[in-house]
Amino acid sequence: MLLGDKNDILSVLRLSYDNLPIHLKQCFGYCALFPKDYVFKRRELVQLWMAQGYIQPSHENEYCLEDVGDEYFENLLSRSLFEEAEVEDADDDILSYKMHDLIHDLAQSIVNSEAIILTHDVKAIPKRVHHVSLSVATNEVSKDLMDNPIRTFYIVRDYSVYYSRNRCVSSLRFSRVMKVGLIGRIPTSLGKLIHLRYLDLSCGFFENLPNGVANLKHLQTLKLYNCFELKEWPRNMKNLINLRHLEIDIYNDFTYMPGGLGELTQLQTLPLFLVGNESDSGKGSWHKKRMGGGLSELKFLNNLRGQLVIEGLSNAGRGGGEAILEGKQYLESLHWSGSEESEEEMEAIVSVMESLQPHSNLKVLQVEHYRGVRFPNWMMMNDGLDLLLPNLVTITIRDCVRCQVLPPFGQLPSLKVLRLKTLPAVEYMKDYPLLAKPFFPSLKTLDIYHMPRSSSNGWGKRLDVAAQQTPSYPYLEDLLLEFIRMELCLQLICASSSLKSLKISDVEDLISFPQGLQHLSTLQTLSISRCENLASLPDSIGCLTSLTELQIDFCPKLTSLPEEIRSLQNLQTLVILNCLYLSQRCQKETGEDWPKISHIPHIIFR
């Protein structure tokens with residue numbers, strides 16, 4: 001692009017910028033901090049704007065700055081000042097964004113010398129600079145960093161600057177935003193940076209956060225992702241009265257959570273809560289702080305949003321009185337995780353779970369390693385679970401090895417995904433009597449793994465005085481069945497008329513399929529593996545007219561394919577693995593079954 005053309009375009013873009021209200025001008029100009037092609041997350045950018053005081057509280061909801069910030073972001077996005085970025089392995093739920101090079105040039109021209117990106121070419125930092133980002137290692141300007149009133153110190157890439165982070169951290173006394181990574185030890189002087197609103201110490205190697213961190217009373221966001229060495233929290237975390245986001249990994253080696261979190265009532269992000277052992281309160285105040293707070297700490301944190309994982313329920317003692325979660329209307333995902341417990345502790349957990357009834361807005365529920373025989377009463381309601389959890393979309397029940405009866409999940413009107421994993425004692429799903437209510441009216445994905453005691457007689461039958469009815473699954477598209485009884489396997493297949501993907505594995509007593517597979521006309525993928533007694537496929541397989549992929553793995557008694565497989569003209573891929581006799585019969589030109597499959601473009605044997 002010629003220089004004149006570029007200047008003309010920038011002039012036009014400048015006119016668009018001039019029409020922005022002042023609060024959006026500030027937010028857009030701040031993005032000059034990022035290098036060209038830098039990919040950022042909406043959530044992080046809104047938090048950075050908040051830290052600089054660019055977001056004005058709404059009169060309608062003065063506490064929810066994040067929602068106002070989202071509106072700012074949407075406004076800039078709608079004006080094409082941001083664009084979505086394609087990132088490999090990105091979380092589908094977290095979109096990434098960047099600025100076009102010309103938009104980035106516009107942002108830098110606007111802020112002039114207030115923001116600077118340090119590179120090897122920068123030999124000094126002008127006095128007017130308030131916002132600094134680093135993307136390469138440089139020692140040239142370290143003294144200027146200490147002398148200037150820097151409000152933002154942002155390391156773009158964690159590997160770039162390792163040489164003197166401790167010194168920089170302790171000297172940026174005017175900073176509102178600080179992002180540093182790969183830091184080995186946090187200086188105690190960090191607690192003197194009283195203006196900090198945003199602190200990102202992710203990917204650090206430190207073992208403890210200094211107690212001085214609790215002095216950062218203006219802190220809104222604290223990020224500690226990938227800090228796998230962290231063992232000690234500061235005392236008096238309750239002093240961080242403005243903390244809104246405590247961002248940590250769900251999977252880490254924490255042994256306790258800091259006490260006093262229950263007093264941080266503005267907290268919106270708390271991905272993990274480890275229940276402390278309240279029964280140890282008599283062992284001294286320091287021991288109690290190390291053990292963290294009890295389950296009651298969560299009671300008044302009603303601004304929590306997103307995901308919450310609760311672990312260590314066996315430490316909660318006997319509960320069931322207080323409602324801990326009912327007031328959390330913004331919480332979308334809830335995950336309970338237990339552990340190996342004694343008989344007494346298991347009884348206590350059953351009691352505690354009565355107090356964990358979530359708000360009706362909940363969308364995702366996961367229960368894992370629960371050792372009780374029964375689920376809490378509020379989950380086992382004969383009629384009314386659909387009113388209690390009308391917005392629930394995804395349920396995962398995993399490794400609950402003593403549970404014998406599943407709640408009546410078929411009532412839930414919005415449920416799309418149901419995953420049942422390693423439930424060896426489950427015999428049936430609880431019935432509910434009203435035939436007028438549809439059964440699993442929205443279910444699209446059903447995964448069942450290792451439920452050896454459950455049979456078709458106890459799975460989802462609804463009874464009234466006059467009739468017995470076996471349900472159907474009218475919208476089910478993906479069905480995965482592993483380590484279950486043949487009768488349940490076949491009942492679920494026959495009751496599903498909209499399947500697109502069917503995967504069957506380790507069904508030991510499966511000898512043959514029913515002939516009535518013609519209803520599976522929408523099926524596109526069929527996988528059968530480790531069914532050692534399966535001797536034949538049904539002739540009705542020819543009715544699977546939408547089938548594009550068929551995979552058979554380790555079915556040693558399956559020695560031939562049915563003649564009707566010739567009619568599967570849409571079948572593009574046939575995979576036969578670990579089936580010696582069947583593979584021999586399907587060999588090109590020489591196998592007896594070759595004429596049946598010669599029309600298939602891709603055939604794989606192994």
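**Helix contacts and strand pairing in a predicted model**

In helix α3, Arg-42, Leu-45, Val-46, Trp-49 and Met-50 meet Leu-65, Glu-66, Gly-69, Asp-70, Tyr-72, Phe-73, Glu-74 and Leu-76 of helix α4, contact being defined as heavy atoms within 4.5 Å. Helices (H or I, at least four residues) and strands (E, at least two) are DSSP runs, numbered from the N terminus. The residues of this contact comprise eight nonpolar, one polar and four charged; Ala, Val, Leu, Ile, Met, Phe, Trp, Tyr, Cys and Pro count as nonpolar, Asp, Glu, Lys and Arg as charged, and the others, Gly among them, as polar. The model is predicted, so that local features need pLDDT of at least 70 and side-chain atom pairs count only at pLDDT 80 or more, while totals for chains, interfaces and linings use all residues. Residues are numbered from 1 along each chain as its sequence is written, and side-chain values use heavy atoms, with hydrogens and water left out.

The axes of α3 (residues 42–52) and α4 (residues 65–78) come within 9 Å and cross at roughly 115°. Axes are lines fitted to C-alpha atoms, for helices over the stretch in contact, and angles run from 0 to 180 degrees between N-to-C directions. The α3 and α4 crossing is right-handed; a crossing is left-handed if the near helix is turned anticlockwise from the far one by less than a right angle, and right-handed if clockwise.

Helix α4 also meets helix α2 (residues 22–30), their axes coming within 10 Å and crossing at roughly 80°. Helix α2 is therefore roughly perpendicular to α4. His-23, Leu-24, Cys-27 and Phe-28 of α2 make this contact with Tyr-72, Asn-75 and Leu-76 of α4. The α2 contact with α4 has five nonpolar, two polar and no charged residues.

Three strands form an open sheet in the order β1-β3-β2, with antiparallel pairing; two strands pair if DSSP finds at least two bridges between them. Strands β1 (40–41) and β2 (83–85) stand at the edges, each with a single partner strand, so one side of each lacks a neighbour in the sheet. Two bridges link β1 to β3 (residues 96–98), and Phe-40 stands opposite Tyr-97 in β3.

A further open sheet has seven strands in the order β4-β5-β6-β7-β8-β9-β10, and its pairing is parallel. Its edge strands, β4 (115–118) and β10 (245–247), each pair on one side only. Neighbouring strands of this sheet are turned by 10° against each other on average, direction ignored. Three bridges connect β9 (residues 221–223) with β10 in parallel, Leu-222 having Leu-246 as its bridge partner in β10.

Parallel pairing also occurs between β11 (residues 272–274) and β12 (residues 306–311), which three bridges join; Phe-273 stands opposite Ile-310 in β12. Six bridges join β12 to β13 (residues 331–337), again in parallel, with Ser-337 in β13 as the bridge partner of Glu-311.

The mean pLDDT of the protein chain is 86, and 85% of its residues reach 70 or more; pLDDT is the predictor's confidence in each residue, from 0 to 100. Over residues 159–163 pLDDT stays under 50, and the model has 16 contacts beyond four places in sequence for them. Residues 462–468 also have pLDDT below 50, with 17 contacts in the model beyond near neighbours in sequence.

Methods
Angles under 35 degrees count as roughly parallel, over 145 as roughly antiparallel, 65 to 115 as roughly perpendicular and the rest as oblique.
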